[in-house]
Amino acid sequence: YPQLMSSLQEQLLWLSDEEKKKIMSWSPFSDKPANWFEPELMFGADKFDVVITNPPYIQLQRNRGELGKKYQPYHYEVFTGTGDIYLLFFERGIKLLKEDGVLCYITSDKWLRSNYGTKLRSFVIKNAPLQWVIDLGPDVFDSATVDTAIALLQKTAQPQTGNPKGVNLKEVKKEDIDLDAFLKDAKIVACTSSDPWTIVSDNVEANIKQKVEQVGVPLNKWNSITIYRGVVTGLNEAFIITTEKRNEILDNCKSEEERSRTEEIIKPYLRGRDVYRYGYQWADLWLIGTFPVLHLDIDDYPALKEYFLSNFDIRQLEQTGKKYPELGFNARKKTQNKWFEIQDSVAYYAEFNKEKVIWSEIVTEPRFCYDTSAFYIDASVFFMVGEHVKYLAGFFNSKAGEFVFKRFYAGGGLGKSGYQYKKIYIVQVPIPPASTDPVTVQRVEELVDKITEQKKQDLNVDTSLLEKEIDQLIYKLYGFNDNEIAFIEKYCNAQNV
């Protein structure tokens with residue numbers, strides 16, 4: 001693009017000092033109307049030939065959504081409350097372009113795959129089809145830990161018809177990047193719809209993706225599966241207790257009836273750090289389950305009331321949102337709940353007692369654990385209930401499950417090797433239904449049972465042979481051939497070094 005860059009430099013040179021000051025003083029966070037930053041108002045041009053920037057990366061839901069509320073009245077087509085402000089910069093930049101003008105941004109790469117990027121992907125397809133994308137991964141900026149990507153779009157009256165080219169440099173050391181060489185070996189990016197966009201590394205990976213989508217059914221279309229988040233207490237120091245403290249509270253009960261009532265609402269509890277692949281390591285922690293949906297009367301639990309009031313200032317327990325800097329603490333978030341209740345209503349509390357699969361959200365490798373012990377979990381952990389959850393534990397822990405999630409549906413990585421197994425990403429994964437091959441699925445479930453039982457006895461026991469058998473069964477369900485299996489195995493082995 002030598003001519004493009006030469007043209008850009010010429011345009012910048014003829015700007016007056018006053019025009020430069022206008023540009024430098026403009027802020028997207030000002031209270032000026034959204035149409036203030038127009039080329040004709042800035043320096044007399046109709047539209048721009050080129051728009052290049054590194055927009056800010058700020059979540060619109062920060063500060064309880066205050067930033068999002070500020071921009072919602074401007075009716076951006078790509079606006080979503082769970083998104084990031086750089087989405088709005090994309091729309092604004094595209095609208096500032098001349099016909100056939102070019103936009104080039106370096107941003108987080110999450111818009112390419114995430115749920116919150118769906119509207120932007122659709123907007124790009126219709127207004128400025130993607131021409132190139134370079135997925136750089138982490139460590140591009142010292143001050144930002146997000147995975148970044150460079151996107152080049154061209155405004156046109158014609159919607160996206162073909163697939164652009166892309167380069168995935170996430171696994172390449174930055175010092176080894178020869179951009180010219182990598183661009184010559186660019187691959188196809190599948191982006192003819194608003195579904196997640198992926199840079200496939202070669203034809204083998206493209207074939208894998210095609211089989212996954214042909215055989216699998218996205219989890220959000222499985223009518224039998226429901227996913228929940230763990231419990232938000234608002235003050236873990238008060239509501240998460242040790243076995244010793246639990247026994248002390250129970251011993252302080254004045255009658256067997258009170259003890260029985262109190263024991264009933266104190267539940268075994270797992271944190272994200274306690275959950276492993278096919279197993280868990282309970283830290284002898286308990287949750288005081290005063291869920292608002294139960295409509296409990298704290299006077300029916302004198303020993304529990306005494307525990308709260310003896311160990312905490314009631315203002316700290318209250319759910320008023322008040323701040324007490326002089327006391328060194330704040331009240332919990334403002335809700336309609338009572339001072340002794342959990343912050344969230346937890347209307348789904350009965351689901352914890354069912355057979356379920358629990359998993360840690362932020363991990364470097366999948367950590368899915370099948371549980372029948374009625375453990376309650378914290379907010380960094382998700383769980384699913386329904387039919388064939390045992391099979392799903394085997395699937396997500398398998399190498400095929402890991403590959404499919406990380407490469408196609410994870411919504412981008414987290415730092416150098418982390419991934420977020422969030423619900424919004426999990427439900428997009430196309431998984432072979434149990435009806436695909438009932439005998440194979442039943443064998444997966446039998447193996448999950450065996451591994452789970454062994455992990456209960458010894459979390460560090462070697463179950464690799466059983467896990468490899470599950471890997472082979474999942475490959476079979478998708479119909480992967482030897483080359484595709486080798487490709488998946490190489491990727492997963494490199495990820496888990």
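**Figure 1. Pairing of strand β3 with strand β5 in the predicted model****.** Within β5, G166 is the bridge partner of V133. The two strands, β3 (residues 130-137) and β5 (residues 165-168), run parallel and are joined by four bridges.

**Figure 2. Pairing of strand β3 with strand β4****.** Here the sense is antiparallel, and six bridges connect β3 to β4 (residues 148-154).

**Figure 3. Burial of strand β3****.** Of the eight residues in β3, six are buried, so the strand is largely enclosed by the rest of the structure. Burial denotes a relative accessible area under 20%.

**Figure 4. Packing geometry of helices α17 and α18****.** Helix α17 spans residues 438-457 and helix α18 spans residues 464-478. Their axes lie 10 Å apart and form an angle of about 160°. An angle over 145 degrees counts as roughly antiparallel, and α17 and α18 are therefore roughly antiparallel to each other. The crossing of α17 past α18 is left-handed.

**Figure 5. Residues in the contact between α17 and α18****.** Helix α17 contributes T440, V441, R443, V444, L447, V448, K450, I451 and Q454. From α18, the contact includes L466, E467, E469, I470, L473, I474, K476 and L477. By class, the residues of this contact comprise ten nonpolar, two polar and five charged.

Notes. Residues are numbered from 1 along each chain as its sequence is written. This is a predicted model: local features need pLDDT of at least 70, side-chain atom pairs count only at pLDDT 80 or more; totals for chains, interfaces and linings use all residues. Side-chain values use heavy atoms; hydrogens and water are left out. Axes are lines fitted to C-alpha atoms, for helices over the stretch in contact, and angles run from 0 to 180 degrees between N-to-C directions. Angles under 35 degrees count as roughly parallel, over 145 as roughly antiparallel, 65 to 115 as roughly perpendicular and the rest as oblique. A crossing is left-handed if the near helix is turned anticlockwise from the far one by less than a right angle, and right-handed if clockwise. Contact means heavy atoms within 4.5 Å. Ala, Val, Leu, Ile, Met, Phe, Trp, Tyr, Cys and Pro count as nonpolar, Asp, Glu, Lys and Arg as charged, and the others, Gly among them, as polar. Buried means under 20% relative accessible area, exposed over 50%, partly exposed in between (1.4 Å probe, protein chains only). Two strands pair if DSSP finds at least two bridges between them.
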